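Hi everyone, thanks for making time this morning.

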Amino acid sequence: MLRIAVPNKGALSEPASQMLKEAGYRQRRESRELVLFDEENDVEFFFIRPRDVAVYVGAGTVDVGITGRDLLLDSGANAVEHRCLGFARSTFRFAAPGGEAMQIADLAGKRIATSYDFLLKTYLEEHGVQAHVVHLDGAVESSVRLGIADAIADVVETGSTLRAAGLHVFGEPLLRSEAVLIRNANAEISRELKILDGRLEGVIVARGYVLIDYDCKEEILSEAVKLTPGFQSPTISPLHDDGWVAVRSMVPKKDMNRVMDELYAAGARGIIVTPLLTSRI
């Protein structure tokens with residue numbers, strides 16, 4: 001049985017559960033459920049605080065988990081990334097009043113508020129900057145205005161909250177984060193984990209691609225195939241009318257409208273796009 005830790009709340013919770021549903025696993029119906037056994041897939045889910053996921057995985061209490069890269073690195077747990085999941089992207093950055101003109105070296109001797117002590121201290125040590133780290137569990141952006149810090153280090157998505165607090169980011173990001181599937185650093189990769197990993201990869205690919213079908217004359221087939229080369233190669237079938245073929249191919253979702261426009265201009269007709277639910281590539 002594979003034991004999987006899933007965030008029980010916060011920005012990671014709903015997208016993580018949705019991805020697991022798309023991968024064919026049962027998920028809880030009520031937020032009060034802490035444990036869920038998926039008998040059909042021989043998997044047990046544990047819904048725990050996002051910050052604790054890496055700790056449980058590192059201790060071997062659960063086999064794998066979904067959390068943020070920032071939370072994994074800040075935990076110091078004996079766990080490693082197994083796969084990037086492509087959602088909950090953010091950056092971890094410094095911010096301060098008038099921060100546009102600041103450099104990392106300007107933080108020497110300053111008070112820096114953060115909820116990510118380990119991650120921040122490690123970064124400062126690596127860059128030879130000595131500063132005082134002020135730990136806060138939340139609302140870090142208020143710390144400068146309230147006088148307990150000179151700057152902050154926090155997860156930034158749009159930056160609007162920081163600007164509202166009179167803060168501006170500076171320097172390069174300490175870290176670019178996203179949701180990741182993690183496993184114990186010392187554990188072997190089991191058959192069950194390979195199945196989970198393959199299913200998640202199938203969902204990620206399906207989210208990034210669509211299936212496009214169209215008809216075209218053989219004389220423009222080479223031009224059309226250049227527009228739709230497919231994940232490996234397009235499927236081409238002869239039609240009843242002589243000189244015409246049907247083409248089926250995968251194209252990146254972000255490019256589908258441009259590809260449809262160019263196919264139509266080239267002479268393709270009957271162009272249809274179908275979303276993908278999952279895949280095995």
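Between domain 1 and domain 2, about 780 Å² of area is buried, and carbon and sulfur atoms give 53% of that. Which residues of domain 1 lose the most area to domain 2? They are D70, D74 and S177, and together they make up 60% of what that side buries. In terms of contacts, 9 residues of domain 1 meet 9 residues of domain 2. The centres of these two domains, taken over C-alpha atoms, are 29 Å apart. Please keep in mind that this is a predicted model.

Let me step back to the domain layout. Domain 1 comes in two pieces, 2-87 and 177-206, while domain 2 covers 90-176 and domain 3 covers 209-275. For residues 206-276, the unreviewed UniProt entry lists "domain: Histidine biosynthesis HisG C-terminal". In the model, that span is 30% helix and 41% strand, and its end C-alpha atoms lie 5 Å apart.

Now to a sheet. It is an open one of 5 strands, ordered β8-β7-β9-β6-β10, and the pairing is mixed. β8 (132-135) and β10 (168-177) sit at the edges, each pairing on one side only. On average, neighbouring strands in this sheet are turned by 25° against each other, ignoring direction. Helix α4, residues 117-126, packs on the sheet and touches β6, β7, β8, β9 and β10. The direction of α4 makes about 170° with that of β8.

If you zoom in on β7 (residues 111-114) and β9 (residues 151-156), you'll find them running parallel, joined by 3 bridges. As a reminder, strands of a sheet pair through backbone hydrogen bonds, either parallel or antiparallel. And what is the bridge partner of T114 in β9? That would be A153.

Last, something for those of you who like backbone torsions. Most residues other than glycine have a negative phi. Here, D42 has a positive phi of about 55°, although it is not a glycine. D42 lies in the loop between β2 (35-38) and β3 (43-48). A88 also has a positive phi, about 60°, and is not a glycine either. You'll find A88 in the loop between β5 (79-84) and β6 (90-96).

Technical notes: Residues numbered from 1 in each chain as written. Predicted model: local features only at pLDDT ≥ 70, side-chain atom pairs only at ≥ 80, totals over all residues. Heavy atoms only, no water. UniProt positions renumbered as here; feature names shortened; annotations may be inferred. Helix = DSSP H or I, 4+ residues; strand = E, 2+ residues; numbered from the N terminus. Pairing = 2+ DSSP bridges. Axes fitted to C-alpha atoms, helices over the stretch in contact; angles between N-to-C directions. Contact = heavy atoms within 4.5 Å. Domains from an automatic or database assignment. Buried area = accessible area lost by both parts, 1.4 Å probe.
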